[in-house]
Each structure stands twice: as C-alpha cells, then as structure tokens.
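Have it open while you read, as I go point by point.

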Amino acid sequence: MQRSRFLPQLGLLAALVAGVLATAGARAADDPDKVPADPPLHPVLDPHYGDVLFEFYQGRYFPAITKLEVSQHFERMQHHADEAEILRGGLLLSYGLHKQAAEVFEALLARGAPPSVRDRAWYFLAKIRYQRGLMPEASQALARIEHRLPEPLEDDRRLLQANVLMALGDNAGASKILTPIAGPKGEDLFARYNLGVALIRGGQVAQGTAILDKLGQQTMPDEEGRALRDKANVALGFAALKDEQALDARKYLQRVRLEGIASNAALLGFGWAADALSQPKAALVPWLELAGRDASDPSVLEAQLAVPYAYAELHADAQALKRYETAIANFQTADADIDATIAAIREGKLVEGLMSRNPGEEMGWFQTFRDLPLMPHARLLTPVIAGNEFQEAFKNYRDLQFLGHNLADWHDNLGVFGDMLATRRQAFAERLPKIREQGLANGQDIAHLQQRSDDNAAALKQAEDAQDGVAFADANERELQQRLKRVTDTLANLPPDTDPSLAEAHDRLRRVAGALAWQLAHEYPARVWTAKKGQQQTEDALVDARAHDEQLATAQREEPAHFEDFARRIAELDARLNILAPRVTALATEQQAALQEIAIVELKAQKERLAAYTAQARFAVAQLYDRATEPKEGDHAAKP
Amino acid sequence: MLNLTRTALIALGLCAVTALSPVFAADTPVPAASASAPVPAAIAAAPAQEPAASAATPATGASAPESAASAAAASEPAPTGSLDDRVQQTKADVIRLNRDLLVLEEELLFPANTQVAVFVSMDVGLLFDLDSVQIKLDDKVVTTYLYTPLEVQALHRGGVQRVYLGDLKAGSHEIVAFFTGKGPHDRDYKRATTIRFDKSTEPKYIELQIKDVQQKLQPEFDVKVWQ
C-alpha cells in the first residue's frame, strides 16, 4: 500500500505533461493561486516529442529517455524544449539519478525558463533534496515555488512540504499546511493521515486522535484506502494501549479487518487490551487465531507465547504447559527453517527466484513482486521483501540486469554496423571508380555529351534562322525528298519531247514537290518548338548529370573520410561498451550480494527473536513446574 | 508479571513508533545506501560522491556527442562511493551511451538526406478504434503494425508513434496508409489515405492523423507533411 501511493510518481509526471498540453490559461503573475500560463501550446508541435510521449505513456521509460535525448541532439523538439527537459529530469529522477536530475532542473532555472516550468523545476528539486535527506535545502526549494502548481502536483507539493517540515521538527507548521487539503472536505486520505500524525507528534494529541479516529471509521472505496484505515486504527489502538486506555484500544483495534497487512498486529493488540481489562479468556480469542497464522510475522511468534500465558492466567496450567512446549518446538522448527533459508539465499536462490518469478522488461522503480521465489520457506522472506530497503536494492539489481542485456544487444548491433560499414566502404571503393571509368570509355562523359548538345543547339539555331523546314523533316519526309531527287534526276536525263507523257510526269513531280514543301512549311513552327523543347530538356538533363557527377566526385573525394569517421565512432563506442559491460556485470554481482545480505540480516534478527522467545518460554515452563511442585495461594501464571 | 510487561511494552513501543510515522516518508523510494544498507560504516557515513565527469550533461544539439563523451569515458575512472552511488552513476553512463549509439545508428542507417519518418497520431479518436496500420511507399508495403490497447491508449493521450523510419531518394513519391479497426456502431472499418510528396535532401516527416468529424459522425484520416 505504501509503495503504491507513490507508484504514480511517473503517472504524476504524465498528468503533468498532459496538463501542460491541455492548459493555456490567462497569465496570473499577480495572483499566486492561479497556474501561470506559458505561451499557448498546441498538443504536439514536434512529432518526435510526441514519439517520446508515446513511449512514456506506455511506461516504457528507457526508450522514452533515450529517444528524447536523441531528438534533443538532432534539435527536433524546439517547440517543446522546456517540457522535454522537465520530462527528462523526471525520468532521470525515476531512475534514482538524483544528481543528473538536479542538474537538469538547475539548468532550466538558470536559463530563465517560463514561470510554470520554473515552479515545477523547484518542486522536483525539492523532492530530490528531500529524498537525499537535505531537509533545509528542500525547504528552500519549496519556498521558491511562486504559483500554485497544476493538479495533482499541488497536493503533492503540500504533502512534500508538510513532510519536510515534520522532518525539521515543525509539526505545527506541517499541520497548518496539511489542514486545507486534509480538512473535512479533503479528498486526500494520506494528507489526513499525515496531518493526524503531525498533530499527535506536535503535542496536539486530541486533535490528531480525532482526525485518525474519523479516518478509522470511514468507508473506503478501494484496498488502498482500507489498508490506510487499518493503519490508522492500529496506530490509535497501540497509542491507547501505551496510555493504558484498554477500552479505547479495543474500540480502535476491533475496526481492523481480519485479513490485511495490519490484522496480525491488531489481533495481538486486541488480546493485550483484553488482558489489561483482566479478561484473559477474551484475550485468548484473538491470540489463538493469531498463533495459527504464518510464523514469519513476529506478532504470530509473540501470540504463541501469549496463548499459554492466558491459559495460565485462567489456571489451565496443563494446557499452558502444553502450549509452551509446542511453542518451543515451533520456535526450534522455525529456527531450522531460517537456517535453511539463509543457506538457500547464500546459494543465490533468492535473487534468481525473484527474477524468474517476477520478470520485467523495463527499468524503473515500481516493479512489484507478484510471486515469492521457489526456495525453502520462502514465506519467511515476505517481510524482508516488502521492505523499502530490499525493494530499492532489488530495483537496482533488476535495472543492472536490464542494462546488461541492453549493452549485449548493442554489442551485437555494433558488430553489424562495423560489417555494414566495411561492405559499404568496399562497394564504394570498387563500384564508383568503375562507373566513372565506364562512362568515360563509352564516350558518355559529361564533356562529350555537352559538346553534342552544343552542336545540336547550333544546328537548331541555324535552321531556325534560315527558317529551314527541310532541317526538321522526319524520316519519311527525308526519304520522300530522296525519291523526288531521284525522279528529278531521271527526268532531267531523258531527251525532251521523246514521250508525250513526260510533260505530265514533270507536272506531277512539281505538284508532289510542292506538296512536300508545303507540308514542311506547315509543320515548321511546331517542329521548331518541339526541337527547342527537346534541346532544353537535354540541357536540363546535362545540368542534372553534371550535378550528379559532381556529387559522385565529391563523394569519391569525401566519403572515405566519412567512412573513417563512422569507423572511429564505432570503435570509440565499442570501447565505451567494453568498459561499461563488465562494470555492469560486476555491480550486478555486488548488488546481488548486498540484496542477500539484507535478507540474511533480517533473518538473523528473526533468529534472535526466536531465541529470546524460546528463552522466555523455557523460563515460563520452569515457573509452571515450580508452581506445580510448590503451590502457593494467590499465585497465578508464569509470564512469557 | 514483569516479563509480560516487558514483552508487551516492547511490542507496543515498536508498533506504535512504526504506526505513527507519516506515510509519505515511507512511500518515497530512497536509495538503499541512504538507509541502513549493509555497507561499511565509513562509506555509508560519507557524503554521496559522484565522479566529476558525471556532471557533464548531454550536449544537446552538439555535432558529435560521441567524441566528447567517449573522451570523457576514456579518461573517466570507474565511479567510486557507495554501491548505490556507483549503480546510479553507471545507469547514467549507460543512458548516455545509448543516446550516442542511437545517434550513430540513425546517422549510419538513415542519413538526413534520405531519411523519411512516418508518424501516427490520434485526435480524440472516439469514432475509430484502431487495430492496425499498413503503410505503402511507392506501392511497396514498408510496414504493418498491430496495436495493443496500451498503445492505442498512449495515442489517445497525445502520443505520436513513429511507425516507420526508412530511406528514400530525392524526388516524387507516394504514400498510402490503410487503417483498420472498428468504426461507428462497432462496425469493421477499413480506410485508406494517400498523398504524393517530394523528397528533398532534408529529412521528411509525414504524420498520419486519425480525427473525428463529429458533424458526419465519421472518422477522418489525414496526412500532414512536416517538412
């Protein structure tokens, strides 16, 4: 429950981004309660920024941050420069990179970002400082926020500020901040809980108790709320027990659900409340229920001692003795179980088991455990695994595994890039000179073609100047001209007046020649236009060819340098990869050892508790035997 | 009675202290090393140290981040400090390396003078439940993409998906996009949209937009050419 309250850290960011995309209100420089407005923003003005959001909204934060940085490198997100930086800082923060995130936000502030961006930067800086335990600095950053932040960031800012104040010992200040959001109409249950705690810690016990009491009776819509209600009731119940207010304690504790995170503590406390009211029989009810539960919880172990104590109080010495002996046997079994678990942890089964039973594809802080590892007495580890320290360490381990796979993939890719570059370089070195040489050999070089084009242009101009339609005759017409010439020659060689039909032939020749001349003259303008157009196309094509040739020449001259540059970059990146990959592997090993140590330390503490409980049980058994052998009036039970 | 009192008070004291702590503090993930991590006391007590080189923020817009970064990497010693500090520093280094590798990949495989990127976005999108997109460039299928509910949700929230990244030579080209899904009244819906565009020596970004036309109660598919 506690984690899930802040799981939406990035959800918060998402809402923040979405809020910024949607809002474009009036500037409110003189009204600190209004959200300051930046220049109006349209939803997405740079598609690459939208692509980052696409990854981000799916919870794929690693691709989101890498794509974001790549697009920043290529300057493809100029319309969203500040928003992209806020997002980048938030993503870095989500990976626990406090220093880098702080640098991003500080840079935003230094370059005079718009007010809303500045306020959010101060908020995130305050959060970073709070997480690093720098409370005065966090307080200073919070004080720099000038305007109300967009929802739901504003409530979180207040919660953060209240927590910072509480950490600085200013509980009254914290309750003052929390009151507006945790008042009668306050929706934020956590703010109300924290307000209650702040008031009690600040000495205003009655007010704090009233708030927690009200929270403890509220109908909750979901599991998170119900768990918080249980937590409030357990807190109140144990506080009442401490103040020897057993009736109040019973009232609070009986509100706690029988199944839930707080149920074991509530059952134990409920029994103590009954005992404090001299009702050992009533105390037996919750304690017997509790004693049968999973022994990994210290409350259950304590209940196993409390049950025989209650029997003894009821003068049921035989049952008490039997229960004490059962408890001692259970403690010994549990002790052996812990030893087996510690051995399994040392063999690496804990981390391996958690990884295999809870696979995850992403880096990030909110991976949750769905299943316990398959190993001896894994349930003993439930409280350890649920702890913040273990979760954080495991997150680091999982992140390192993710990064190890990422680097291995890149190692393969870089090899492919190298091969691709070599192939490209070889093809380039072999094919380009050949193409250019081949063109020269075929007389297809640009100069030769240009000469031919120039000749054509000159001929065209000459024909156009002379208005020479014959110059534009097509193949049929040229053949017809040849035939006419042959006929003309033939007729010229014949003796005149030898044949009366010759005159007719001359006449027909004249008419045909005239028709051809007319046709050529008629077609002349269109043909000139077509020829000029063709000539222009030729010249345009020659310009393109020259440009391409120039590009080829440039490529031939410069591309080897580009290839060299790529090769150098590949080599450098490969070197960095080769430095980082073993570092990641070594850190993963170290992190695994640290994880195991966290679990073992906790299990050893459980062993110590068991030893203490066993000693108490043995002492109680001895007292019972003493009482049996030397009965004294008025003496009752041995105490655990 | 003495023993009972002691046990009870220990239990009460522990529980009460635990219970009466603010929720927010426990909620916020804290680096393991800043809590009681099993590290040598001297290291744990020392202030968080990070190598100076880590202060170098990514040089956005720099022409060759690799050179600077690699030079830094070459001279950068392995991070020191607590385990958590070293892990965080290494994470930062790997993120930076990923950026440089992606820049290299893009410049090598999709150089600016031939690069074409196709994006898909959704404006409202209530009238169309997207299942898949197929894209043809110059009559050749270059990508077919099936959407998960999470991806559709990301589009609804304002995300823009880069569905295709490739190369095209300069000149005139045609893109055809086929959208399939559920239209109004939960009916199967398949629509295509097409546009001709000129590719210069600059990168070309094409956005396929799915919009709602409330007047017609029909989805509409547009193509926007960014450059």
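1. Let's begin with the sheet in chain B: four strands make an open sheet, ordered 4-1-7-8, with mixed pairing. Strands here, like helices, are DSSP runs numbered from the N terminus (E, at least two residues, for strands; H or I, at least four, for helices), and two strands pair if DSSP finds at least two bridges between them. At the edges sit strand 4 (161-167) and strand 8 (218-225) of chain B, each pairing on one side only. From one strand to the next, the twist averages 15 degrees.

2. A word on provenance: this is a predicted model, where local features need pLDDT of at least 70 and side-chain atom pairs count only at pLDDT 80 or more, while totals for chains, interfaces and linings use all residues. Residues are numbered from 1 along each chain as its sequence is written, with chains lettered from A and ligands numbered from 1 in the order in which they are written.

3. How do strand 1 and strand 4 of chain B pair? Strand 1 (residues 115-123) runs antiparallel to strand 4, with six bridges between the two. One bridge to look up is that of B:Phe119, whose partner in strand 4 of chain B is B:Arg162.

4. Chain A joins in here: its helix 3 (residues 47-57) packs on the sheet and touches strand 1, strand 4 and strand 7 (204-213) of chain B. Contact means C-beta atoms, placed from the backbone, within 7 Å. The direction of helix 3 of chain A makes about 65 degrees with that of strand 1 of chain B; axes are lines fitted to C-alpha atoms, for helices over the stretch in contact, and angles run from 0 to 180 degrees between N-to-C directions.

5. Leaving out residues up to four places away in sequence, B:Val118 touches B:Ile135, B:Val163, B:Tyr164, B:Ile206 and B:Leu208.

6. Two backbone spots in chain A to check. A:Ser278 is not a glycine, yet has a positive phi of about 60 degrees; it sits in the loop between helix 15 (263-276) and helix 16 (280-291) of chain A. A:Ser278 counts as exposed because it has 10 C-beta neighbours inside 10 Å.

7. The other is A:His315, also not a glycine, with a positive phi of about 65 degrees. A:His315 lies in the loop between helix 17 (298-313) and helix 18 (317-346) of chain A, and with 12 C-beta neighbours inside 10 Å it counts as exposed.

Definitions and conventions. Contact = placed C-beta atoms within 7 Å. Buried ≥ 20, exposed ≤ 12 C-beta atoms within 10 Å, placed from the backbone.
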